[in-house]
Amino acid sequence: MNVKKTLYIIIFSAAAWLASSCNDEAFLSESPKYFYSAENAFTTPSQVDQALIACYSKLRDMYSFREESKTTFSYRGNNGTDMFDVPSIRHSFQFNDYSNINPENEVFKNVFSDWYKMISYANFTIMGADKKEIVWESDASRKYIIAQARFFRAWSYLNLGELFGGVPIVTEFCDTPRYDFKRATRLETYQYAIDELEAILEDLPEESPERGRICKGAAQHALMQLYIDKGVVLDEEGLSDEARNAYSKAVDYGDLLIGGGRYSLMTERFGKRKDEGPKFYYACTPEAQTEEHSYESAGVILEGNVFWDLFQEGNQDYKDGNRESIWILRMDHDAFIKEDKVSRLTYSRVYGPNFDPVKGDLKGGSLEDLGGRGVAFIMPTEYTRDLIFQNKWNVDMRNSETVLRRKLVGNVPTSQYYGKVVPWDYIYKENDASQDVRDAAYTQSFPISCKIHLDTYQEANDGRKEKMFRDEYVIRLAESILLRAEAYFRLGNKTWAAKDINLLRERAKCSHQVLASEVTLDLILDERARELMYEEHRWNTLLRMGGTVAVDRIQEYSYWNYPRTGTMKTFNLWPIPQSVIDTNKDETIQQNDGWK
């Protein structure tokens with residue numbers, strides 16, 4: 001049995017109770033023929049590093065939709081928020097009908113469990129790195145392994161704190177059941193993560209030694225976010241002076257990260273496709289291509305731009321010249337084919353529109369011009385697809401035809417729109433008398449973002465144009481800039497908040513530059529939507545804002561009426577899973593407000 005498989009057995013067999021809910025005595029007492037205990041699993045640095053790789057692998061699974069489930073869709077913020085909802089054909093995935101959602105919902109249980117699994121993997125790695133018998137190449141290499149594990153532990157508590165509030169803090173790997181975990185406060189949870197990250201800063205390299213590994217910039221970004229989170233809690237507790245100190249610390253870390261000289265926004269064409277000229281799609285299968293029925297003949301010319309470059313395969317890593325890339329997850333086509341079948345993004349499938357309601361004019365399938373093989377598990381709300389780009393916000397590279405394609409050319413020969421741009425009111429069937437028909441058309445058909453599809457697919461030879469072998473951003477400098485803008489805003493400095501927002505708007509060639517008088521929390525959330533569409537974890541963002549921001553915006557922008565007409569809960573946190581409360585029999589864990 002190889003080391004990697006052995007370590008996975010250890011992790012899954014002996015994880016802490018909160019990590020993997022291993023309270024079944026029969027399960028814990030199993031003795032596989034080949035079983036390494038926690039005591040004898042680590043004898044070399046490479047074995048410790050393999051345990052650490054479990055953290056990277058777990059995060060990749062959580063990001064890449066390895067399992068197409070409500071959990072992965074909702075964790076990424078793509079279900080039930082102001083930005084995303086579900087098509088009419090996916091009502092079983094709905095996540096904003098609060099008359100049906102309770103603390104035992106699978107999303108809450110699985111997300112809570114996933115982050116504690118990550119914590120367990122990190123604690124396991126640290127335990128291994130502390131083994132005195134291991135001979136390390138250098139003390140620095142040992143410290144870097146531990147720093148990465150502590151980063152993942154802090155990153156987990158950042159996410160748990162934003163979604164669930166205060167949670168039990170587990171700092172050591174345990175291989176026996178416990179029922180006495182004590183819940184920390186939300187402030188204590190954030191502070192623990194802050195302390196962890198500040199303790200490891202000097203042990204993290206300025207630049208990742210290999211693609212996808214944690215570097216100092218990732219920790220600085222996380223500290224910016226955590227200090228804002230901390231400030232919001234302190235403000236809610238009436239400790240305004242302490243809150244201001246927290247926001248100031250966020251700005252300080254932002255200055256180091258944004259102004260330190262290592263990272264900068266990409267403002268010029270770059271990467272593998274920077275020299276390509278204007279291009280166009282054929283609006284039909286390759287065998288039927290004619291100049292009369294192309295996007296070019298329909299007047300739709302697609303010209304690359306720097307924002308488009310950010311999301312082309314091979315352009316994501318800092319080592320490839322992308323200076324705004326701080327941390328990525330690697331997606332490798334060769335590894336997918338030969339080994340793991342996991343190193344891919346299924347965005348074209350999950351996020352891609354399904355044009356079945358208008359297939360008489362736009363035949364879907366897997367054509368590149370319609371976004372690949374989309375099945376519309378998730379759909380952007382009107383807010384995401386249209387409202388954030390209305391009126392003075394319209395002229396914006398992020399709203400360009402190349403980045404957010406709105407002009408689709410009919411590809412069915414018998415259609416009146418064959419070779420012509422199909423109007424959206426026609427696609428949406430706005431004149432149909434049936435609300436069900438209009439709902440089906442609107443919720444399955446929508447503009448296509450360059451972040452979720454490609455114009456060439458490496459798997460095109462098997463006809464399934466749904467997988468992207470593009471590294472995925474975890475942290476991009478653009479979000480760091482938006483965090484600093486938020487910190488400035490919370491400090492009352494709208495002038496500097498506007499300057500930060502305009503750094504992104506200048507890169508996007510926007511016609512409207514934000515004025516200090518315009519800066520509000522809603523405007524910052526809107527700019528996050530424009531810049532980070534399909535990247536941001538929107539549930540984290542909304543819930544960390546405190547107050548009623550989450551419910552207010554969901555009620556305002558949800559496509560469906562569930563949040564407005566059903567039993568609308570008043571909450572600003574997800575609930576602690578009821579099974580966690582019930583199982584922790586030796587210590588009471590209180591439920592979050594608004595959930596029963």
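# Exercises on helix packing and burial

At 1% relative accessibility, leucine 257 counts as buried (buried means under 20% relative accessible area, exposed over 50%, partly exposed in between, with a 1.4 Å probe and protein chains only). The exercises start from this residue. The model is predicted, so local features need pLDDT of at least 70 and side-chain atom pairs count only at pLDDT 80 or more, while totals for chains, interfaces and linings use all residues. Residues are numbered from 1 along each chain as its sequence is written, and side-chain values use heavy atoms, with hydrogens and water left out.

**Exercise 1.** Find the helix that holds leucine 257, and list the residues that leucine 257 touches.

Step 1. Leucine 257 belongs to helix H10, residues 240–258. Helices (H or I, at least four residues) and strands (E, at least two) are DSSP runs, numbered from the N terminus.

Step 2. Leaving out residues up to four places away in sequence, leucine 257 touches Gly217, Gln220, His221, Met224, Tyr263, Ile326, Leu477 and Ser480. Contact here means heavy atoms within 4.5 Å.

Step 3. One of these partners is glycine 217. Between leucine 257 and glycine 217 there are 40 residues in sequence, but 6.2 Å in space from C-alpha to C-alpha.

**Exercise 2.** How do H10 and H17 pack, and which residues meet?

Step 1. The axes of H10 and H17 are 9 Å apart, and the packing angle is about 150°. Axes are lines fitted to C-alpha atoms, for helices over the stretch in contact, and angles run from 0 to 180 degrees between N-to-C directions.

Step 2. H10 and H17 are therefore roughly antiparallel (under 35 degrees is roughly parallel, over 145 roughly antiparallel, 65 to 115 roughly perpendicular, and the rest oblique).

Step 3. From H10, the residues in the contact are Tyr247, Ala250, Val251, Gly254, Asp255, Leu257 and Ile258. From H17 they are Leu477, Ser480, Ile481, Arg484, Ala487, Tyr488 and Arg490.

Step 4. Sorted by class, the contact of H10 with H17 has 9 nonpolar, 2 polar and 3 charged residues. Ala, Val, Leu, Ile, Met, Phe, Trp, Tyr, Cys and Pro count as nonpolar, Asp, Glu, Lys and Arg as charged, and the others, Gly among them, as polar.

**Exercise 3.** Describe how H9 is placed against H17.

Step 1. H9 covers residues 216–236 and H17 covers residues 477–490. Their axes come within 10 Å and cross at roughly 30°.

Step 2. This makes H9 roughly parallel to H17.

Step 3. His221, Met224, Gln225, Ile228 and Val232 are the H9 residues of the contact. On H17 they meet Glu479, Ser480, Leu483, Arg484, Glu486, Ala487 and Arg490.

Step 4. The contact of H9 with H17 is made up of 5 nonpolar, 3 polar and 4 charged residues.

**Exercise 4.** Which residues of H18 meet which residues of H19, and at what angle do the axes cross?

Step 1. The axes of H18 (residues 494–507) and H19 (residues 521–532) cross at roughly 30° and come within 11 Å. H18 and H19 are therefore roughly parallel to each other.

Step 2. Ile501, Leu504, Arg505 and Arg507 of H18 meet Leu523, Ile524, Glu527, Arg530 and Glu531 of H19.

Step 3. By class, the contact of H18 with H19 has 4 nonpolar, no polar and 5 charged residues.

**Exercise 5.** Is glutamate 535 buried or exposed?

Step 1. Locate the residue: glutamate 535 is in the loop between H19 and helix H20 (538–544).

Step 2. The relative accessible area of glutamate 535 is 14%, so this residue is buried.

Step 3. Beyond four places in sequence, glutamate 535 touches Arg76, Phe311, Lys451, Tyr473 and Arg476.
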